[in-house]
Amino acid sequence: MSNPRRTGRIISRKPRGRTALGVRTSTPMVRPTARTILRSMLMNGKLLALALLLASIGCLIFVFRSPAFVVGNLEIEGNRSVDATTISQLANLQGRSIWDIDPAAVAARIGQNPYVATATVQLRIPARVLVRVQERQAAVVWNVGGTNYEVTAGGEVLGLATSITTATLIIYDTRTIPISAGSYIDTDALNLAQTLYLRIPKELGWQPTRYEWDPYYGLSVYNDTKQAVFGRLAGEPISLDRKLATLQQVQTSDAAWIFIDLRPEKPYYRPQATPTPTEGSQ
């Protein structure tokens with residue numbers, strides 16, 4: 001039997017209530033000070049990450065807006081008929097940051113020129129822009145003694161011409177020296193003829209009827225009965241641009257001419273045709 005004296009009294013107590021989750025109590029919370037936040041960020045690496053982020057933003061601003069990345073003159077390759085100034089104007093890149101340039105859009109603008117077949121644009125850090133153009137070239141045939149020969153851009157004779165169209169550029173050689181496959185002809189005459197083939201119709205409104213080459217005059221261009229002597233493309237004191245400008249000036253004047261020699265410092269023209277001197281009379 002249990003001892004009644006040792007029996008303890010059971011006292012009932014009211015259970016304490018628990019605060020529901022998400023319910024704020026009336027006990028005020030302690031807000032961390034700026035020093036505490038700074039110390040915490042320093043210890044967990046967030047302050048270093050913030051400093052690196054700000055430094056990166058500063059570097060990006062410098063890279064994208066620094067004068068060191070502003071494009072000046074272009075590097076242009078492959079142009080012969082189109083001068084560098086025209087290509088530069090079409091590109092329209094002077095004073096622009098290299099980061100703001102779309103090479104495909106620039107190439108499309110340059111390709112609007114009728115002399116340009118294709119154009120490629122390459123960007124090179126910090127501020128170099130390389131433009132490579134490929135100009136349109138006519139199919140060229142070299143005629144000697146009434147026989148047509150196909151030739152390459154490098155002047156190599158491929159053989160007899162098998163087909164000639166209205167777009168074929170035929171250069172008539174006044175000499176009667178026979179040529180054969182594997183031989184070479186004057187590349188300066190080829191380059192000059194192809195350049196004039198593209199420029200004369202656009203700049204003078206001519207449709208040349210004959211391109212002729214001989215050792216004395218070099219290359220001549222005929223418009224019906226009118227003969228314009230251009231000479232050579234390289235190694236002459238008068239530039240091709242100046243020769244074309246002179247011919248255009250005479251063309252639009254009231255002067256009556258049949259023959260004009262554009263090679264001398266003071267070009268001259270005559271109202272009648274001038275026979276080509278023979279090699280023995282030079």
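Which residues of α6 are buried? They are Leu240, Lys243, Leu244, Leu247 and Val250. The model is predicted.

**Helix α6**

- Helix α6 spans residues 240-252 and has 13 residues.
- From first C-alpha to last, α6 reaches 18 Å, close to the 18 Å expected at 1.5 Å a residue.
- The buried set, Leu240, Lys243, Leu244, Leu247 and Val250, lies on the same side of α6, because these residues cover an arc of only 125 degrees around the axis.
- An α-helix has 3.6 residues a turn, so residues three or four places apart point the same way.
- The cover over the buried residues of α6 includes helix α5 (187-203). It also includes the strands β10 (226-231), β11 (259-261) and β12 (268-270).
- Gln249 and Thr252 are exposed, on the face of α6 turned away from its buried side.

**The sheet β1-β3-β2**

- An open sheet is formed by 3 strands in the order β1-β3-β2, with mixed pairing.
- Its edge strands are β1 (75-77) and β2 (116-124), each of which pairs on one side only.
- From one strand to the next, the twist averages 15 degrees.
- Strands of a sheet pair through backbone hydrogen bonds, either parallel or antiparallel.
- The pairing of β2 with β3 (residues 128-135) is antiparallel, over 8 bridges.
- Across this pair, Arg124 stands opposite Arg128 in β3.
- The loop between β2 and β3 holds Pro126. The peptide bond from Ile125 to Pro126 is cis, with omega near 10 degrees.

**Helix α4 on the sheet**

- Helix α4 (residues 103-110) lies across β2 and β3. It runs at about 150 degrees to β2.
- Val106, Ala107 and Ile110 are buried in α4. Seen down the helix axis, the buried residues of α4 fall within an arc of 100 degrees, so they line one face of the helix.
- The buried residues of α4 pack against β2 and β3, and also against helix α3 (84-91).
- Asn92 is in the loop between α3 and α4. Asn92 has a positive phi of about 55 degrees, although it is not a glycine.

- Ser220 sits in strand β9 (residues 218-223).
- Is Ser220 buried or exposed? Ser220 counts as buried, because its relative accessibility is 0%, where the cut-off for buried is under 20%.
- The side chain of Ser220 makes a polar contact with the side chain of Gln227, at 3.1 Å.
- Beyond its neighbours within four places in sequence, Ser220 is in contact with Arg210, Tyr211 and Glu212, among others. Its contacts also include Gln227, Ala228 and Val229.
- Asp224 lies in the loop between β9 and β10. Asp224 counts as exposed, because its relative accessibility is 58%, where the cut-off for exposed is over 50%.
- Asp224 is not a glycine, yet has a positive phi of about 60 degrees.

**Backbone features in context**

- Most residues other than glycine have a negative phi, and most peptide bonds are trans.
- Against that background, Asn92 has a positive phi, and so does Asp224. The bond from Ile125 to Pro126 is cis.

Technical notes. Residues numbered from 1 in each chain as written. Predicted model: local features only at pLDDT ≥ 70, side-chain atom pairs only at ≥ 80, totals over all residues. Heavy atoms only, no water. Pairing = 2+ DSSP bridges. Helix = DSSP H or I, 4+ residues; strand = E, 2+ residues; numbered from the N terminus. Axes fitted to C-alpha atoms, helices over the stretch in contact; angles between N-to-C directions. Contact = heavy atoms within 4.5 Å. Expected span 1.5 Å × (residues − 1). Buried < 20%, exposed > 50% of the residue type's maximum accessible area, 1.4 Å probe, protein only. Arc of directions from axis to C-beta. Polar contact = N/O pair within 3.5 Å; in protein donor to acceptor, adjacent residues only side chain to side chain.
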